[in-house]
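Here are my notes for a colleague opening this entry for the first time. Please keep the structure on screen and follow the points in order.

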Amino acid sequence: MLKQFIGFIIILLTLPALLFVQRAIAHELTNATTFKTQMAESIELVAPIINVPVVMKDRNGSTFSEEYVEWRQPLPLSSIPTIMQQLFLESEDTGFYEHNGYDLAAIVRAFTVNSSSDGVKQGGSTITQQVVRMRFLSPDKTYERKLTEIFYAAELERQYTKEEILEMYMNEMYFGNQVYGVGAAATYYFSKSINELTLAEMAFLASIPNNPSLYDPLRHFDQTKKRQERLLGILTRNEVIEQTEADQEAAQLIQLTVKKKEAQYPVYSTYILAELRALIAQADGFEDSLARAKSDADVTLINTRLDQKVSEVLGQGVVIETALNPKKQQRDEERVTALLTAEGLEAGAAVIDNSNREIVSLYGGKNYHKADFNRSYQAVRQPGSAIKPLLVYAPLFETTSYNEDTPINSSNICVGKYCPTNIGGAVYGNVSIRQAFSHSHNTAAVRLFQMVGVEEGFKFLEPFKFRAVTEKDHNLAAALGGFSKGVTPLELADAYTSFINGIYTPAHAIRSVKDQQGNVKYSWPEKEYDMWSSRTVSKIKNLMGDTVKNGTGRGVATTTTYTGVKTGTTDNYKDIWAAGMNDNYTAAVWLGYDKPKSIQWASNQKLHLKTFSTLLKD
C-alpha cells in the first residue's frame, strides 16, 4: 500500500511538469521547418505491419480460399454505422472530439483507484491512447508506459485527424479468436456485413473488446450478453436512444453464425499464389530486370525484391478473382484420383477453356494438401513425343509445302553417334506424315526436324516460355522430347492452345487482383501471338484426330464433334503423356513416379488416355 501511495504522489507531482515540458518542446519544434518531421525523430509513429486476409473467388464470384492468420476486414469510417461508432465513443471516451489525445481528469481518477489496489486495474485511457497502445506500444500496465503513452497520444493527435484516429480504432480493436476490427467481427461472428447487423448485434460485438477473454462469445456468451445490456443502458443514459428501444434490443435473440475459414481446392489456390508472383513480376518490371541480369547475384537480389513486393501486396489484403470452375475441379480431382490406384503412381494435369484461354482446373497429385509439391505446374518432366506437334510438325507445315499425306522416310537413322529408335525397336520404310504422326515414329520425326532446322524449330517455341528449356536443349534429341529437364503439364497444355485457331494467348487463372475497396491492382494484359497459319492448324488438328481414331491415341473418349491427342513416352516408360483438345477444352496430363521408374504397365493399360479422356469432360 505504501508503495502504491508513493507512486500516486509521484505521478501527481509529475503531471504539471509533464505538461510544461510538452508545451516547451512543442514551442521549440514549431520554430523548425516542420513540426511533424522533427517530432518523428524522437517519437516515431511507425504503423505496425498488419496482414489483411487474401481472398480467392471462383468464376461464379464465390469465395473458395482464404489465406490469413488474423481475420481482418478494414473499413473506411464512412462505411461503419454511426450507431456502432457511438457504442464505443459513449462507453470508452465521451470527450473524444474535445481532448488532445489524453484526459487528465480520467488519468487522475484511474490513479486514485489504482493506488488503493494491489495492481494497476484502471487505465483512464482515451480512444487515442488505446490506438497508441494497439499500434505502437506494449499493453503492459505500468506507470512508465502510461507516461510514454500520453506523449505518443499527443503526437498522434497532431499528425492525424480525429476521424482518422477513430477509423484506426474501429479497425484494429481485438475481438478475440484472432479477429480484429468491427468489419471482421461482423463477418466472423454473424456472417454478415456490419451494415446488416441490428443494434442488438452491434452492441453485442461492442461488448467484446473491453475484455476479449472474459467476453469471448464462443466461451462466455452469457457474460457478453450482460455487457451488451449495459452498453445499451449507456446509450439510454446519454440520450442516444430511448429506453423502449434499448429494452427491445436487449430482448432480441442473439444467434451466432461463426465463420469457417474457406480452404477448398488447395491445388488451384496454391497455383494462384505462384501465378500472382508472375503477374507482379511482369507488371512491376521485375521480369524485365531478370532478363537483363548479368550475374547470379543480380538474379538473387531481384528475386528477393520481388518476394518482398509480393509479401507487401498480400499483406495489404487482396481479392483475387479467378477462372476456377469449382464443379469441374472437384470432379477432375475425384476421377483422376480414382484411376491412380497403384501405390506411388502420380499425375499432374491442367485443363484450359478453349473459349477464353483460362485455366479452369488443375491436378497436382493424389490426396493433395496445401503446400504439397504441385505436379500441375511444378513437375518438370521430359515430354517425349508430346512435344512433336510444337517443335517438329507445326514448324514443318509453316516452312514447307508438306501435307498430311506427303511420304517420309521412317527407316533407321544415325546422325553422328545419335541413333534414335522407334518404340519397341520397330523398323519402317517410307510412310506418310499421317502415319508417322499417329503412330509416333521417332525416326521420321528426327528427319523432319533436320529438315526444319534445330534453331528454326526452337524459334517457334519461344512465345511459350518453357521455363526449364534452355540453349543446351537445342539438338536433334529434342524432337523426341529429350530435353535436359523438360516441361510441366500446365506449360504443355498452354502451348497446345495455339492449335485452337493459330493464335496463342497465354493461359491464366487470375482474372484480376483487387484491393479491399474493389479497385483493380493487377490484371494480365491481353497478349496475342500469331503462331500458326490456318493451314497448319487444320493439318495438326487432322493429325491429332487421326491419332485418336487409328494411332497411339486409340482409347480416348470422343464426346464432342472433335477430339485430338498426341501421346508421349520417355525412355523405359518413365513418363507417359497425353496432350490435346476437344471442342471445349485443351488439356495435358503426365503420369509417372516422383522418383522415375518404368510404368510400361500403365501405358499398356492406356491409363494416360483414360485420364486425358476424363479431363475433357465437363
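1. Start with strands β14 (residues 563-569) and β15, which run antiparallel and are joined by seven bridges. Two strands pair if DSSP finds at least two bridges between them.

2. A word on the source. This is a predicted model, in which local features need pLDDT of at least 70 and side-chain atom pairs count only at pLDDT 80 or more, while totals for chains, interfaces and linings use all residues. Residues are numbered from 1 along each chain as its sequence is written, and side-chain values use heavy atoms, with hydrogens and water left out.

3. Now the turn between β14 and β15. The two strands form a hairpin with five residues between them. Asn572 sits in that turn and has a positive phi of about 60 degrees.

4. Move to the other neighbour of β15. Strand β16 (residues 585-592) runs antiparallel to β15, and seven bridges join the two. Gly580 stands opposite Ala587 in β16. This pair also forms a hairpin, with two residues between the strands.

5. Is β15 buried or exposed? Strand β15 (residues 575-582) is mostly covered, with eight of its eight residues buried. Buried means under 20% relative accessible area, exposed means over 50%, and partly exposed lies in between (1.4 Å probe, protein chains only). Both faces are covered. Asp575, Trp577, Ala579 and Met581 are buried on one side. Ile576, Ala578, Gly580 and Asn582 are buried on the other.

6. Next, helix α3 (residues 82-92). Its buried residues are Met84, Gln85, Leu87, Phe88 and Leu89. What covers them includes α5 (127-135), α7 (162-172), α8 (182-190), α9 (199-206) and α10 (221-237). Contact here means heavy atoms within 4.5 Å.

7. Check Ser191. Its phi is near 55 degrees, a positive value in a residue other than glycine. Ser191 lies in the loop between α8 and α9. Ser191 counts as partly exposed because its relative accessibility is 42%.

8. Finally, Lys606. Here too phi is positive in a residue other than glycine, near 55 degrees. Lys606 is placed in the loop between α23 (600-604) and α24 (607-615). With a relative accessible area of 35%, Lys606 is partly exposed.

Conventions
Helix = DSSP H or I, 4+ residues; strand = E, 2+ residues; numbered from the N terminus.
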